[in-house]
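We will go from stop to stop, and each stop says what to select.

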Amino acid sequence: MTTERIDLDSVAAQLAELRDRALLEIADAVDPTALDRVETAYLGKKGSIKSLLRHMPALPAEDRPRLGSAANAAQDAVDAAVSERRVRLESLALEVRLAQEATDATLPGRPLPRGSLHPSLEINREIARIFGQFGFTVYEGPEVETDELNFQALNIPDDHPARDLWDTMYVANEAPEGQRYLLRTHTSPTQIRVMEQQKPPIRALMPGRCFRYEAVDASHQFEFFQVEGLMIDEGTTLAHLRGLLDQFVAALFGSPRPTRFRPGYYPFTEPSVAFDVQCLICDGAGCPACGRSGWMTILGAGMVHPNVLARGGLDPERYQGFAFGMGPERIAMLRHDIHDIRTFLDNDLRFLEQFR
Ligand SMILES: [Zn+2]
């Protein structure tokens with residue numbers, strides 16, 4: 001007998017106490033890391049349950065198997081509790097994650113900043129829409145043109161003084177023999193392209209960018225839009241042009257307004273006219289905006305010159321036509337009371353946001 005008297009009951013009581021403490025700590029473990037710590041403390045190689053077995057040699061031989069099986073039972077109970085707790089912690093973690101990721105479909109969305117059409121584009125579309133109602137189809141031509149189409153085909157030969165009307169930017173690229181490339185100074189060359197493509201009746205609307213070597217100021221820009229119109233058929237007269245333009249003015253400004261033709265000059269039309277609308281600001285009384293005349297010029301027009309018809313491959317004895325050209329920016333300026341054409345190209349949001 002050893003002096004340290006160990007009996008099975010006291011070891012079994014310690015074992016039960018360890019097991020109960022382990023079960024409490026397992027229930028209290030709040031995450032997998034804490035659970036791992038508890039598991040190692042009780043079930044590890046140096047864990048408390050294993051360390052109780054060090055008393056084994058001190059027990060009577062017949063008690064040793066009973067201590068062994070009691071220890072195994074305690075280990076199994078703790079082991080089972082750890083597994084159960086681990087499953088529970090995993091499902092809790094999943095619930096938390098799902099709750100965090102959940103989307104509340106009833107929340108209002110974040111507002112997106114809303115853009116708007118540029119006033120140049122808006123007025124171009126508006127003009128195309130109005131002429132579309134009169135049966136006009138939109139055609140587009142290239143912005144880099146030949147000297148031939150931009151001038152010569154439009155009755156403006158090389159030495160013609162009318163070339164002074166268009167300060168032209170030429171392009172250095174190599175051109176076919178006898179040709180020069182330039183940035184088109186007007187949309188009129190597209191007239192020739194349309195005539196070459198199709199036979200009358202022609203009703204074409206040709207919007208596009210044009211370029212001139214201008215000194216930029218409040219009413220001149222080196223790059224601007226132009227909208228050109230062309231109608232060719234048998235028996236077309238200046239009266240048809242006037243009637244069409246009056247309809248256009250009524251549609252554009254919301255109601256019919258007094259209009260007038262004044263004599264004008266373009267090399268590619270004969271006769272040529274300037275088309276005036278009664279001033280939108282003073283209704284004809286005279287104000288600074290209309291130079292106290294009571295009228296505002298919104299476009300230039302005329303009957304297509306026979307030379308131009310012939311150059312387009314049409315017989316001038318059989319067909320007549322009229323053409324007109326306007327600056328949509330100038331019309332937008334009249335409509336929205338804008339005083340400086342440079343604002344169209346500034347890309348200043350304080351200006352553009354006014355047209356939402
Ligand atoms: Zn006026």
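**Stop 1: Asn347.** Select Asn347. With 9 C-beta neighbours inside 10 Å, Asn347 counts as exposed. The scale runs like this: buried means 20 or more other C-beta atoms within 10 Å of the residue's own, exposed means 12 or fewer, and partly exposed is in between, with C-beta atoms placed from the backbone. Asn347 sits in the loop between α11 (343–346) and α12 (349–352). Helices (H or I, at least four residues) and strands (E, at least two) are DSSP runs, numbered from the N terminus. Asn347 is not a glycine, yet its phi is positive, about 55°.

A word on what you are viewing: this is a predicted model, where local features need pLDDT of at least 70, side-chain atom pairs count only at pLDDT 80 or more, and totals for chains, interfaces and linings use all residues. Residues are numbered from 1 along each chain as its sequence is written.

**Stop 2: Arg292.** Now select Arg292. It also has a positive phi without being a glycine, here about 65°. Find it in the loop between β8 and β9 (295–304). Arg292 counts as exposed, with 11 C-beta neighbours inside 10 Å.

**Stop 3: two cis bonds.** Select Pro200 and Pro201. A cis peptide bond joins them, with omega about 0°. Pro201 is in the loop between α7 and β5. Next, select Glu270 and Pro271. They too are joined by a cis peptide bond, with omega about -5°. Pro271 belongs to strand β8 (residues 269–278).

**Stop 4: the domains.** Colour 8–101 as domain 1 and 119–355 as domain 2. These bounds come from an automatic or database domain assignment. How many Å separate the two domain centres, taken over C-alpha atoms? The separation is 93 Å.

**Stop 5: α2 and α4.** Select helix α2 (residues 32–43) and helix α4 (residues 64–101). Their axes are 10 Å apart and the angle is about 175°. Axes are lines fitted to C-alpha atoms, for helices over the stretch in contact, and angles run from 0 to 180 degrees between N-to-C directions. So α2 is roughly antiparallel to α4. Here angles under 35 degrees count as roughly parallel, over 145 as roughly antiparallel, 65 to 115 as roughly perpendicular and the rest as oblique. On α2, the contact residues include Leu35 and Tyr42; on α4, they include Val78 and Leu89. Two residues are in contact if their C-beta atoms, placed from the backbone, lie within 7 Å.

**Stop 6: α5 and α10.** Move to helix α5 (residues 119–133) and helix α10 (residues 328–336). The axes come within 9 Å and cross at roughly 100°. The two helices are therefore roughly perpendicular. Among the contact residues are Ile123 and Ile127 of α5, and Ile331 and Ala332 of α10.

**Stop 7: the largest core.** Select Ala204, Leu230, Ile232, Ala301, Val304, Phe322 and Phe324. Of the 47 residues in the largest nonpolar core, these touch the most other members. A nonpolar core is a set of buried Ala, Val, Leu, Ile, Met, Phe, Trp, Tyr and Cys residues joined through C-beta atoms within 7 Å. A second, separate core of 14 residues includes Val11, Ile26, Leu35 and Val82. In soluble globular proteins, nonpolar side chains tend to be buried together.

**Stop 8: α7.** End on helix α7 (residues 189–197). Its buried residues include Ile192, Val194 and Met195. The buried residues of α7 pack against several elements, among them β5 (202–211) and β10 (320–326).
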